[in-house]
Each structure stands twice: as C-alpha cells, then as structure tokens.
Amino acid sequence: MKVSMKRCAVMLIVVFLLLPLTGCWDRRELNELAIAVGLGIDKVGERYRVTAQVVQPSEVATSKGSAGYSTPVTTYRASGVTIFEAIRKMTTISPRKIYAAHLRVVVIGEELAREGIAEALDLLSRDYELRMDFYVIVAKETKAEDLLELLTPLDKIPASKIYNSIQVSEKAWAPVSAVTLDMFIRDYESKGKNPVLSGIKATGNEEKGKQKSNVEKLQPDARLRNNGLAVFRYDKLIGWLSEEQSKGYNYIVNRVKSTVGHVPCPSGDGNIALEIIHSKSRMKTEVRNGKPKLTVDLRVEENVGEVMCQADLTEKSVIDALEREAEQSLRDIIERTIKTGQEKFHCDFFGFGEALHRSNLRVWKQMENDWEEHFVDASITVNAKVVIKRTGTVDNSFIVDKER
Amino acid sequence: MPTNTNLKTQTNLETNIEEIRRQTCYSDDLIIRKVRVGADSYPIKIALLYFDALSDEQLIYQFILEPLMQESVSMEGRQQSELPELMMDSILAVGQISKFDSLDSAVQSLMKGCVVVIVDGYTEGFIIPMAGWEQRAVAEPTNQTVIRGPKEAFTENIHVNIALIRRIVKSPNLVMKSRTIGTMSQTNVSVMYMEGLADKDVYEEVFRRLDSIEIDAVLESGYIEEFIQDETFTIFPTIINTERPDAIAASLLEGRVAILIDGTPHVLLVPSLFVQFFQAAEDYYHRADISTIIRGLRYFALFIATLVPALYIAITTYHQEMIPTQLLISLAAQREGVPFPAFVEAIIMEATYEILREAGVRMPRAVGQAVSIVGTLVIGQAAVEAGIISASMIIVVSITAISSYVIPEFDMSIAVRISRFFFMGLAAAFGMFGIFIGIVAILLHLTSLRSFGVPYMSPVGPFNFGDQKDVILRVTQRKMNKRPSMFGKLNPFRQPNPRRWKRT
C-alpha cells in the first residue's frame with residue numbers, strides 16, 4: 001500500500017514536470033492554417049514574386065450554407081530576394097501563416113523558366129513542411145500569378161483543378177506529363193537526360209476570369225488548358241512541344257497509359273479511331289563506329305474505338321492492315337519527335353544518354369561531356385508492334401456503302 | 001454489544017433462553033416458541049428459537065412443531081433421557097440437523113436463519129437450518145446478454161448459484177469449499193474448482209488470500225476482488241466478474257477458480273487474462289468463423305475507443321500533412337469559428353458524454369426521457385449549431401463512446417475509457433510521438449501485471465503459439481481439444497478428437 005502511494009506520487013510528479021518542459025511548441029489548430037494549394041513563382045527584376053493560392057475552407061466545404069459570400073480561394077502576393085522571405089512576408093497581409101504541406105501545384109512563369117529555375121526550387125526541396133507530391137508546371141506565355149488567379153468551374157479550387165486535369169489527361173489522353181519536383185531535380189542533375197515540365201495556358205479573357213462571375217457562367221470567360229510539354233536544357237526553358245510531339249515524347253519514355261489515335265480507313269474515305277489500352281516501350285542506345293544509334297521498341301495494344309467508314313472488321317486481313325497502318329503512324333510520330341529534339345532543340349530530353357549509360361558505361365564515359373553533339377548526329381530506329389485486341393460491342397459498322 | 005463469552009449450554013431452559021436473548025440484545029424479532037412434550041406425568045419443556053422472516057415458518061410448523069406435538073403421545077413408557085436421541089432419530093423430519101453445546105454457535109446459527117431447539121434439562125440442543133425468505137428468482141442476465149446461449153443468470157443466493165453451476169458441470173470432481181468472511185456480515189464465500197484440472201498453487205493462493213481478509217462486512221464481490229487482486233495500482237481489472245453460469249462452467253473446465261459470494265449475482269474468476277476480457281460467452285455458441293470476425297471487430301473497437309480522439313487531436317494539431325487535402329479542407333471548414341483548441345473541444349465533449357452516461361445509470365427511471373432528450377440536443381445539435389464544437393468532433397466522440405461498449409466486460413470498458421483521457425493529454429502535448437510513448441508505457445504496464453501468478457498478457461506476451469487458438473481467432477470446436485496452457489497444465493487435453501465420424 002505504501003509502495004503504491006509512493007509510486008503514484010512519483011508518477012504524478014513526473015507527468016506534471018514533463019508538461020511544462022516541452023510539447024505544444026509546434027501545435028497549430030486547423031483554423032490557424034492558411035492552406036496553400038498553389039504556389040506561383042515569377043521574377044520581377046532581381047526579386048522573386050511569389051503568389052500563394054490559399055483555400056477558404058468554409059467556401060469549399062459544401063455543407064456550410066454560407067455559399068457565395070466570397071471566392072473559394074484567395075491569393076497572397078509578396079516579393080523578396082529569396083522565396084522563403086517572400087513567403088514569410090505574406091503574413092503582413094494574411095491573418096494566418098502559409099501552410100504548404102498540401103501544395104498541389106507549383107506554377108512557374110515562362111519568363112522565369114527561360115531564365116532558369118534551379119535557384120527557385122531549392123526551398124521547395126529543402127523545407128520540411130513540403131511534401132514531394134506536387135506537380136511543377138510552367139505557365140505558358142504568361143506569369144504564374146495570373147494563372148493562379150483564375151477561377152475554375154467543377155473543381156472549386158483552381159490549383160486542384162490543375163492537378164487533377166494533369167492527372168486525368170495524362171492517363172486518358174497522353175500529351176501531358178505529370179512531373180513532380182523530385183523527378184525534375186533528378187532529370188536536371190542527370191547528364192543523360194534533360195527535364196520536361198507540363199505547360200498550362202490560360203485561354204479567354206483573363207481579367208474576367210479572375211472574378212467570381214467566371215464560374216457562374218455556362219461558358220466561362222477564361223479557362224485553364226493543359227498545353228503541351230516545356231523542354232528544358234538543364235533548368236532553362238528552351239521551347240515547347242506540340243500536342244503530337246508531347247504524345248510522341250510520352251510514347252518514347254513509356255509514360256502512355258491510354259490514349260486515342262486514328263488511322264485512315266482501308267477504303268480511304270474516312271478514319272478509324274484506335275484506343276490504346278496498353279503501351280510498353282524501351283529505349284536503347286548503341287554506339288557503332290563512334291556514332292550513336294537510338295532505338296525505340298514499342299509494343300502497343302489497341303481496341304477499335306470508332307469506325308467512320310465501311311470496313312470489314314471480321315476479316316483478319318483488314319485487322320492486320322489496320323495494325324500495320326497504326327504501326328506506321330506511331331513510327332512517324334516518334335521519329336518526328338526525336339527529330340525535333342535533334343534539330344530544333346539540340347537537346348536530349350528523352351534520356352537516350354541514360355540508356356547508353358546503363359548499357360555501355362565505357363562509351364558513355366567518353367561521350368558524356370559532349371553527349372548533345374553525339375545525340376544530334378544519332379540515327380533513329382523505331383520498332384513499333386501494334387496488336388488490335390477488340391472491336392467494341394459490334395463487329396462491322398452499321399454504315400453501309402456511302403455511294404448508296 | 002454483548003461480549004462473546006463462549007458460554008456452555010446450561011441444563012436450565014430459562015437460563016439458556018435468557019442468555020440467547022441477552023446475546024441478541026433482546027431483539028423483538030427473535031421468536032421463542034415453547035412447547036410441552038411427553039406425558040402429563042413427566043412433561044418436558046422444549047423451546048424453539050428463530051428469527052422472524054429469516055426462517056421459513058411454514059416448514060417449522062410442518063416438520064418441527066407438528067411431529068414434536070404429536071409424538072408426545074408415543075413418549076409414554078420411555079425414559080426421559082432418551083428424548084434428545086429420539087428427537088434426532090425419529091421425530092424431527094428434517095435433513096440437516098446438528099447438535100450444539102455452546103450458546104455462541106447457537107446465536108450464530110440463529111443469525112443465518114436456523115432454528116435452535118433447546119430441551120429443558122439437557123446441555124445439548126439442536127440446530128436445524130430452516131432459512132427461507134423472499135428472494136429474486138433466477139432471471140435473464142442484464143449485463144451480459146446473448147442472442148444465442150443460455151439465458152440464466154446468477155442470483156443473490158449463493159446456494160442457487162452453486163446449484164446453477166453444478167447443474168452444468170455434473171462431475172464429482174467439482175469441488176466447493178466454503179469460507180465465512182466478515183465479522184458482522186458473516187458472508188458465505190465459496191470457492192469452486194475442478195479437482196485435477198485447477199492448479200493447486202492457484203487455489204491454495206486463493207484460500208490464503210481469502211483467509212487473510214479481516215473486514216466487518218462483505219456486501220459485494222467487489223470487496224473480495226479488491227482484497228485478493230495482485231496489483232492494486234492499475235486501472236486494468238485482473239479479476240473477471242460474470243453473472244453467467246455458463247461462463248463460469250467453461251472457465252472451471254479450463255482449470256480456473258471461481259469465487260462465489262453470498263448476496264451478489266457477480267461471481268469472480270481467477271486467474272483472469274487481458275484477452276479474456278474480450279471473449280464473450282457467445283463466441284463459443286456461434287460458428288467459429290463468425291466468432292472470429294466478431295472478435296476482430298471487438299479488438300478494432302478497442303483501438304477506436306482508446307486512440308481515436310487522441311489521434312484526431314494529434315493529427316489535426318500537429319500532423320495536418322497526414323490528412324488528405326479534401327478532408328483537411330472539410331475539417332478546417334468545420335473548425336472555422338470554433339473558439340477552443342481541439343484538445344479542449346475533445347475534453348468538453350468526452351466529459352459531457354461521461355456525465356450523460358453516468359446520469360443514465362444513476363437517474364431514476366422516470367426521468368430517463370428528459371435526460372436522453374437533453375443529451376441528444378446538447379451533444380447532437382446545439383453544440384454544433386452554436387459553433388462551440390465542430391461536427392467532426394461529435395462524430396469522433398460518438399464512435400468512441402459506442403466502441404467502448406463493444407467490450408464485453410464493463411470493468412475493462414471503464415479502464416479503456418480512462419486510458420483514453422491519458423492518450424488525449426499526451427496527444428495534445430506531444431502529438432503522435434506522445435501517443436506512441438503512451439502505447440509503449442501502457443504495454444509495459446500491462447505486461448508487468450499478474451493475475452494469481454499468471455502473466456496478464458499471456459498468451460500474447462509471453463507468447464504461446466498453441467494458445468492462439470482462442471485469442472483473436474476462435475478456431476472450430478473440433479480444433480479446441482486442448483486447455484489453455486496457462487491454467488490447464490495438469491490435464492492439457494480435453495479430448496484427442498472431438499469429432500470422430502468420418503465424412504463418407
């Protein structure tokens with residue numbers, strides 16, 4: 001009995017001594033957070049201009065009946081010599097400290113991207129609060145701050161609209177690449193591959209897009225659109241890929257999950273849409289006589305998705321012809337894309353250098369310092385293999401002879 | 001208070017009566033009935049003493065008074081000295097009868113409802129147990145209800161309770177040993193175990209601890225439990241109490257020891273292990289797969305009941321990055337305008353709930369409606385609508401409250417609720433780190449406990465593979481052919497193969 005009283009007393013004392021000693025120092029209630037979902041970085045003169053898109057939770061959560069009092073997000077802007085300073089400086093205009101763990105996208109203005117973004121990204125990779133799962137994107141032909149101030153329908157939070165549309169578009173349409181910060185840094189550091197980032201463009205009337213009326217209209221005044229890939233040499237933007245080239249890029253680096261393409265009908269009076277349901281590619285780089293040879297092996301499984309002409313899909317020969325046609329069109333896309341890299345950008349953003357590094361270290365060691373020159377001269381071989389699996393719920397189209 | 005004089009019975013009837021009256025302080029409910037037996041020539045005075053309402057008067061009339069008065073005719077021709085022997089052998093039509101020669105034992109028997117018979121001129125009297133009073137019938141259990149299974153519960157009468165157990169286990173090896181504890185209450189405490197199954201060390205330890213109790217009154221099994229438990233400095237119960245005879249029978253057959261206390265329907269079981277507080281009697285009556293799933297659910301509920309408010313506090317105040325963005329925004333929206341930190345909010349709601357729960361037990365049944373209306377309105381609506389408490393906190397508190405009642409033993413569910421506050425404090429001060437420190441501390445504490453020498457956390461820690469058949473899993477009856485090694489070492493096999501028929 002005596003022992004337990006003593007133990008009880010000791011434990012109580014220990015507990016009460018612990019409480020004032022430590023704890024609680026980094027405690028933050030949910031309503032003390034300014035949840036930043038988007039961060040825009042621009043450069044104005046020598047100073048960085050940072051825009052934070054912050055959620056107004058009560059406007060986003062649907063259950064509360066206060067709908068319509070204000071916009072679902074608000075933005076804070078501040079500039080500073082360093083980005084960290086700029087973000088902290090936001091407390092001069094914001095009642096809450098920016099909380100960036102739930103960041104969905106970091107938008108970089110095209111101007112800054114052309115100057116180089118490595119310096120701007122260090123904070124994001126260093127700060128403990130940030131997670132690595134946000135996408136880094138480039139604002140095409142505009143400043144990041146303008147892009148983050150557009151309101152979007154369907155998804156109330158513009159940053160999460162951008163995030164989701166990149167994700168969905170990458171899965172279903174392919175000419176988009178969801179690049180996270182760590183992927184960018186890895187490509188930036190690699191000698192055998194240069195980074196790409198997705199681009200976003202604002203279309204329509206930007207000024208009207210910043211008002212709440214933008215989301216009240218059936219056809220909004222301004223929209224955000226995924227717009228091809230931005231090619232970087234090291235950390236500097238050097239140009240943009242078209243939609244077709246972006247798709248080609250994703251075929252080469254094996255990032256196509258599903259997309260749709262078309263081939264002309266065998267009869268020549270219409271098109272047949274083919275849905276890619278599975279795509280697997282492998283890059284190879286070999287060096288013959290001091291000249292690199294770039295090879296892309298591609299195996300694609302497709303379904304017939306849409307037939308706009310008369311074609312006998314029950315015939316194996318027709319299907320075979322379609323497969324050959326599709327292979328040819330894939331080869332063309334890929335070759336054109338690699339050529340763009342060689343001729344327009346003089347820059348290997350596909351990672352053929354890395355492929356060489358993996359397959360032949362000795363040769364790579366000789367070539368790594370002037371790889372781009374070798375890359376530009378390299379010959380290209382594309383081996384595409386297409387298999388058509390299914391034709392949908394009908395065999396032949398109901399379309400009868402168009403001459404009738 | 002009359003002193004205990006250890007008086008011998010005198011030959012004089014009146015002296016004896018006077019002494020008994022003196023020892024019972026001349027209470028008015030001591031009934032003294034004097035009868036005269038034998039022939040008129042040599043009448044013998046006999047006195048019956050008993051307490052009103054403690055003894056069954058009908059039985060006294062029928063089996064003591066009537067034979068005595070009628071037998072007086074046949075007394076003729078017999079020696080007067082033969083009377084006591086005659087009474088015992090052929091007159092009194094009762095089963096248990098014993099002689100006494102000390103007035104103290106007579107008084108003690110009186111207090112238990114016996115009839116004391118004193119014959120004038122003899123130093124020996126008889127004690128005839130004739131206890132009989134109004135009592136509750138065997139009813140359905142109120143705390144440990146089942147859907148499938150026997151619906152009998154123990155009553156306040158220890159004899160009925162023993163009978164309930166013996167009716168299930170009809171084995172001559174079922175031992176019952178009695179003790180009387182309480183200088184004033186003279187409470188009958190019985191220990192039951194299976195000879196050849198129960199560990200001798202355990203039941204001798206039970207006797208040793210019971211015999212060392214010095215107390216004036218034992219009113220409930222809780223008194224005994226507190227005196228015999230291994231560790232008092234813990235919130236976790238180390239002795240199970242149950243009101244189900246089937247549960248006791250099952251435990252006896254595992255080699256455990258039951259302690260029955262007169263005056264309460266709650267029977268104690270030792271040794272008791274942590275995992276047994278999560279086993280309901282019904283687990284063994286349903287199919288094994290169903291029981292296993294339900295048992296898993298119970299452990300899950302244990303997790304919810306101890307940790308969910310703490311996790312909620314820790315995650316929303318320290319680790320917001322762990323919440324999915326959509327959920328975070330919705331939680332943040334609910335917290336807009338809430339004036340308290342999450343911890344204070346949680347404490348307010350938990351305290352409110354505990355008050356409501358206690359009120360629900362304590363209040364007169366007639367005002368139950370009022371309490372439940374106030375409870376629903378206060379907890380469910382007003383607090384949220386006034387913006388004092390966030391809606392998500394209500395959800396957290398409700399799910400925790402419900403979960404704690406999934407645990408079949410009430411003692412354990414209280415322990416779980418207390419530890420919940422401990423975890424909430426740690427979460428508020430140290431976040432997840434605090435919660436994990438708390439879990440480690442509780443686990444260390446649990447593993448340090450013993451119940452009558454058996455480690456409290458066995459068979460999980462120390463781990464025993466064979467005993468896992470009945471911890472989280474409940475394997476089929478066919479596979480449960482061995483007794484738990486913690487208790488049933490003496491006779492480990494129930495039977496080698498319970499199902500001997502072959503599928504054709």
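**Entry 1: what I am looking at**

I am working with a predicted model. Every value below is computed from that predicted model.

**Entry 2: the two domains of chain A**

I looked up the domain assignment for chain A first. It gives domain 1 as 30-240 and domain 2 as 242-404. I then took the contact between them. Domain 1 of chain A puts in 25 residues, and domain 2 of chain A puts in 29 residues. The centres of the two domains, taken over C-alpha atoms, are 32 Å apart.

Next I wanted the size of this interface. Interface size is often given as the accessible area lost when the parts come together. Between domain 1 and domain 2 of chain A, about 2,100 Å² is buried. Carbon and sulfur atoms give 50% of that area.

**Entry 3: polar links between the domains**

How many salt bridges cross between domain 1 and domain 2 of chain A? I find three. I also noted 20 residue pairs in polar contact between these domains, counting pairs with both residues at pLDDT 80 or more.

I then asked which elements of domain 1 of chain A touch domain 2 of chain A. Helix α7 (158-172) and strands β8 (222-233) and β9 (236-240) of chain A each supply at least two residues to that side. β8(A) gives the largest share, five residues. By type, this side of domain 1 of chain A has 14 nonpolar, six polar and five charged residues.

**Entry 4: the pair Glu170(A) and Arg255(A)**

The side chains of Glu170(A) and Arg255(A) meet at 2.5 Å, N to O. Why does this pair tie together parts 85 residues apart in sequence? Glu170(A) lies in helix α7 of chain A, while Arg255(A) lies in the loop between α11 (243-252) and β10 (259-264) of chain A, so the link spans that separation. Glu170(A) has 6% relative accessibility, so it counts as buried, the cut-off being under 20%.

**Entry 5: helix α11 of chain A**

Is α11(A) mostly covered or mostly uncovered? It is mostly covered, with eight of its ten residues buried. Among the buried residues are Lys247(A), Tyr249(A), Asn250(A), Tyr251(A) and Ile252(A). Gln245(A), Ser246(A) and Gly248(A) are buried as well. After α11(A) comes Asn254(A), which has a positive phi near 60 degrees.

**Entry 6: chain B against chain A**

I moved on to the contact between the chains. It takes 27 residues from chain B and 29 residues from chain A. The buried area is about 2,500 Å², and carbon and sulfur atoms give 63% of it. Which residues of chain B lose the most area to chain A? They are Phe233(B), Ile329(B) and Glu336(B), together 25% of what that side buries.

I find two salt bridges across this interface. In one salt bridge, the side chains of Arg335(B) and Glu29(A) meet at 3.5 Å, N to O. The polar contacts between chain B and chain A come to eleven residue pairs, both residues at pLDDT 80 or more.

On the chain B side, α9 (288-317), α10 (325-335) and α14 (410-448) each supply at least two residues. α10(B) gives the most, with nine residues. I sorted the chain B side by type: 15 nonpolar, eight polar and four charged residues.

**Entry 7: other salt bridges**

Lys217(A) and Asp221(A) form a salt bridge, with their closest N and O atoms 2.8 Å apart. Are these two buried or partly exposed? Asp221(A) is buried, at 19% relative accessible area. Lys217(A) is partly exposed, at 37%.

Lys284(A) and Asp297(A) form another salt bridge, with closest N and O atoms 3.5 Å apart. Lys284(A) sits in strand β11 (residues 271-288) and Asp297(A) in strand β12 (residues 291-307) of chain A, so the pair ties together parts that are 13 residues apart in sequence. Lys284(A) is partly exposed, with a relative accessible area of 31%. Asp297(A) is also partly exposed, at 23% relative accessibility.

Last, I noted a network. Salt bridges with shared partners join Arg49(A), Arg77(A), Glu145(A), Asp146(A), Glu149(A), Glu207(A) and Lys210(A).

Terms used:
Residues numbered from 1 in each chain as written. Chains lettered and ligands numbered in written order. Predicted model: local features only at pLDDT ≥ 70, side-chain atom pairs only at ≥ 80, totals over all residues. Heavy atoms only, no water. Domains from an automatic or database assignment. Contact = heavy atoms within 4.5 Å. Buried area = accessible area lost by both parts, 1.4 Å probe. Salt bridge = Lys/Arg side-chain N within 4 Å of Asp/Glu carboxyl O. Polar contact = N/O pair within 3.5 Å; in protein donor to acceptor, adjacent residues only side chain to side chain. Helix = DSSP H or I, 4+ residues; strand = E, 2+ residues; numbered from the N terminus. Nonpolar A, V, L, I, M, F, W, Y, C, P; charged D, E, K, R; others polar. Buried < 20%, exposed > 50% of the residue type's maximum accessible area, 1.4 Å probe, protein only.
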